[in-house]
Structure formats: structure tokens, C-alpha cells
Amino acid sequence: MARAGVRAAVLVALLAAAVGVVLVVDLPDADTVRAWLAGTGPVGLLVVTLGVAAALVAPVPRTAVSLLLGAVLGFWTGLVVAVVGGTLGGLAAFGLSRALGRDAVTRLAGRRLAAVDRALAGRSLGAVVLARLSPLSYTLVSYAAGVTGVRLRPYAVGTALGIVPGSALHVAAGASAGRLLGWVTSPGGLLVEGAVLLLAVAGGVAWWRRGRSRSAPGP
């Protein structure tokens, strides 16, 4: 029990430090990143991808990161970096939470956590995809998944799949910085984005209910 408490305290300290860094350090502007990448080639892209992953372990808004990637790298390269970096960041946060937080949460909310684990059994992939499509904080979902019984493989696949639509939208906005970015933030653009998001969430909920009805015992 003491070890679980120590690990949980370490996780809280790491999160507090990450929040402090986010509050103090601003994201670089597009011109700064573009100038740095000009002389680094593929190594620079690797560093940027790892930087995206590190930023998403902390509570940095993924939308802001994707917009910056689009402005700097263009659509296709920016999308690849956003998805790969986002998946790596999600995996890192998941691993930290699983290693340092699950034991403590299990001791504090054993029965409730067990109920969550049972609800996720066999439906982890769909649940992760739905969570990634939802407006929930990317970092919050990553750490919350780590303290549940979600297995690593469906979590990784669900994260990679679930962040593609949002990443594509925001990277495209950054790549088109100007007219398209103005449209995305306009009432019409927000209406379209909201409609797409609602359709995605409704589809996920329908899928979830269908899975529950199939797994429910018969009379």
C-alpha cells in the first residue's frame, strides 16, 4: 500500500511539473519552427514528432499543436506528425498512469473501478475511439485510460484511429492559415464541425449500445 501511495505521489508531482511548464513556456511560432526545420531535414521531423508527444503528455491543447503543425509542415506531413506524435504522447501518458496510478486508484475505488473494467471488457477499442472523438481533454483521456483495465493494444489502435479526424481538420486549418482558418472559426464552420462531432458521437453511442445488447444474457 505504501508503494502504491509513493507511486501515486510521483505521478501527481510529474503532472504538477508538467502544468507548470505549460503555464510558463509558450508554443513556438510557425516562423521559428519553419526556420529551424529548414536545415535539419528528417532529423528535424523526428525531433518535432517527439516534441509533439512530449507536449501531449502535459496538458497542452492538441488543437493548438495540430494548427501549428499544419502551418509549418503543410497538410500531409503535418497530419502524419500529428497522428504519430499524438499516439506516442497518448501512449506515454497511458504508461505513466498505468505504472504509477492504477494501484492507488484500485485501493481507493476498487469496486467502482472493477465495474468500469467489466464494462470495458471486449469493448476497449470502441470506447477509446469514442473517447478520442469526443470533446474530452486529450491528456485527461490518456491518463484516465491508464488507471482502467483497458489493454495496451486496443488503446494504441483506438487512439491512432480516433485522433485522425480531428487532426486532419486542424492540420488543414493550419496549412490553409487564412481563409480556411477563418472559416473553421466562423459560425458556419463551427456549425459544420459540431454536426460532424455529434454524428461521430451518436454513431459511437449506437455501436456501444449494440455491443451491450448483444452481450446481455438472454431471458
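On a 1 Å grid over the protein atoms alone, a cavity is a set of points where a 1.4 Å probe fits but cannot get out. Grid points are joined across faces, edges and corners, and a volume is the space filled by probe spheres set on the points. The structure holds one cavity of 30 Å³ or more.

The structure is a predicted model, in which local features need pLDDT of at least 70, side-chain atom pairs count only at pLDDT 80 or more, and totals for chains, interfaces and linings use all residues. Residues are numbered from 1 along each chain as its sequence is written, and side-chain values use heavy atoms, with hydrogens and water left out.

The chain has 13 helices and zero strands. Helices (H or I, at least four residues) and strands (E, at least two) are DSSP runs, numbered from the N terminus. Of the 219 residues, 35% count as buried, that is, under 20% relative accessible area with a 1.4 Å probe and protein chains only. The chain exposes about 12,300 Å². Carbon and sulfur atoms supply 71% of that area. Accessible areas come from the Shrake-Rupley method with a 1.4 Å probe; for residues, only the protein chains shown count as cover. Contacts (heavy atoms within 4.5 Å) were also counted along the chain. Among those with a separation of 6 or more, 83% join residues 24 or more positions apart.

The largest cavity has a volume of about 30 Å³. Its lining residues have an atom within 4 Å of a point. They are Val52, Leu56, Arg62, Val65, Ser66, Leu69, Ala82 and Ser167. The most come from α4, with four residues. By type, the lining has five nonpolar residues, two polar and one charged. Here Ala, Val, Leu, Ile, Met, Phe, Trp, Tyr, Cys and Pro count as nonpolar, Asp, Glu, Lys and Arg as charged, and the others, Gly among them, as polar.

Thr148 lies in the loop between α9 (138-147) and α10 (152-162). This residue is buried, with a relative accessible area of 11%. A polar atom of the Thr148 side chain lies 2.8 Å from the backbone oxygen of Ala145. The side chain of Thr148 also reaches the backbone nitrogen of Val150, at 3.3 Å. Beyond its neighbours within four places in sequence, Thr148 is in contact with Arg98, Arg102, Leu113, Val116, Asp117 and Leu120.

Terms used:
Buried means under 20% relative accessible area, exposed over 50%, partly exposed in between (1.4 Å probe, protein chains only). A polar contact is a pair of N or O atoms within 3.5 Å; within protein, one must be able to donate a hydrogen and the other to accept it, and residues adjacent in sequence count only if both atoms are side-chain atoms. On a 1 Å grid over the protein atoms alone, a cavity is a set of points where a 1.4 Å probe fits but cannot get out, and a pocket is an open set with protein on both sides within 12 Å along at least five of seven lines; lining residues have an atom within 4 Å of a point.
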